[in-house]
Amino acid sequence: MRLGALLEVVVQAVALQERAEAIIVGCAQPGDTSWEIARSGRVVAGQYSTLCGWAADLVWPTDRPPPPQRIVELLRYHLGMLDTALKLAFPQYRSDRLERRRLSMTGLGAPANELRELETTLRTRITALGGTPT
C-alpha cells in the first residue's frame, strides 16, 4: 500500500513539472516579472511542499530501487528551484550577480527527468508485485 501511495505522490509531482518549468522560465526573462507568475509560483510551490510532506511520511528504509528517500530529495529539489526562481525574480535588493543568476535559470533540469524515470520504475515494481499501478 505504501508503494501505491508513493506512486500517487510521484504522479502528482510529475504532473506539476510543466507548470513549474513555465514559472522558472517566466522568472528568468529579462525585465520585470509579472505578479501572475508570483501567484502561480506560490501555488505550485505549495503543492510541491505538500507532496514533500506526504512522501516523507511514506519513507521506509530499503536498499531496493527506487529508494523512497531519493523521491523526497527530488521533490525538495523541485520546491527549492521554484523558491530560488521566485526569490531571484522578486528580490529584496538587486545586484548584477543575482540578475545574472536569475537570467541563467532554464528549468528543473535532470532531476525532473529522474523523477519521471522513478515514476516508471515504481509502476513496474508495483506491477511485478502483483498490484495495479494508478
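**Close-up 1. I37 and its contacts.** Leaving aside neighbours within four places in sequence, I37 is in contact with I23, G26, C27 and L86, where contact means heavy atoms within 4.5 Å. I37 itself lies in helix α2; helices here are DSSP runs of H or I with at least four residues, strands are runs of E with at least two, and both are numbered from the N terminus. Look also for V25, which is 12 residues from I37 in sequence and 9.9 Å away in space, C-alpha to C-alpha. A friendly note before moving on: this is a predicted model, in which local features need pLDDT of at least 70 and side-chain atom pairs count only at pLDDT 80 or more, while totals for chains, interfaces and linings use all residues. Residues are numbered from 1 along each chain as its sequence is written, and side-chain values use heavy atoms, with hydrogens and water left out.

**Close-up 2. The whole chain, for orientation.** The chain has five helices and zero strands, running α-α-α-α-α from the N terminus on. Its C-alpha trace spans about 55 × 25 × 20 Å along the principal axes. Of the 134 residues, 39% count as buried, meaning under 20% relative accessible area, with exposed over 50% and partly exposed in between (1.4 Å probe, protein chains only). Among contacts between residues at least 6 apart in sequence, 80% join residues at least 24 apart.

**Close-up 3. Helix α1 against helix α3.** The axes of α1 (residues 2-27) and α3 come within 10 Å and cross at roughly 20°; axes are lines fitted to C-alpha atoms, for helices over the stretch in contact, and angles run from 0 to 180 degrees between N-to-C directions. That makes α1 roughly parallel to α3, since angles under 35 degrees count as roughly parallel, over 145 as roughly antiparallel, 65 to 115 as roughly perpendicular and the rest as oblique. The crossing of α1 and α3 is left-handed, that is, the near helix is turned anticlockwise from the far one by less than a right angle (clockwise would be right-handed). On the α1 side, the residues that meet α3 include L6, V9, A13 and Q17, and on the α3 side they include P68, I71, H78 and M81. By class, this contact of α1 with α3 has 16 nonpolar, two polar and no charged residues; Ala, Val, Leu, Ile, Met, Phe, Trp, Tyr, Cys and Pro count as nonpolar, Asp, Glu, Lys and Arg as charged, and the others, Gly among them, as polar.

**Close-up 4. Helix α3 against helix α4.** Here α3 (residues 68-89) and α4 (residues 96-104) pack at an angle of about 130°, with their axes 9 Å apart. The two helices are therefore oblique to each other, and α3 passes α4 in a left-handed crossing. T84, L88 and A89 in α3 meet L98, R101 and R102 in α4. The residues of this contact of α3 with α4 divide into three nonpolar, one polar and two charged.

**Close-up 5. R102 in helix α4.** R102 lies in α4 and is buried, with a relative accessible area of 1%. Its side chain makes a polar contact with the side chain of T33 (3.4 Å); a polar contact is a pair of N or O atoms within 3.5 Å, and within protein one must be able to donate a hydrogen and the other to accept it, while residues adjacent in sequence count only if both atoms are side-chain atoms. Not counting residues up to four places away in sequence, R102 touches several residues, including C27, P30, L88 and A89.

**Close-up 6. W60 in a loop.** W60 sits in the loop between α2 (35-58) and α3, and at 18% relative accessibility W60 counts as buried. Not counting residues up to four places away in sequence, W60 touches R2, L3, L6 and P68.
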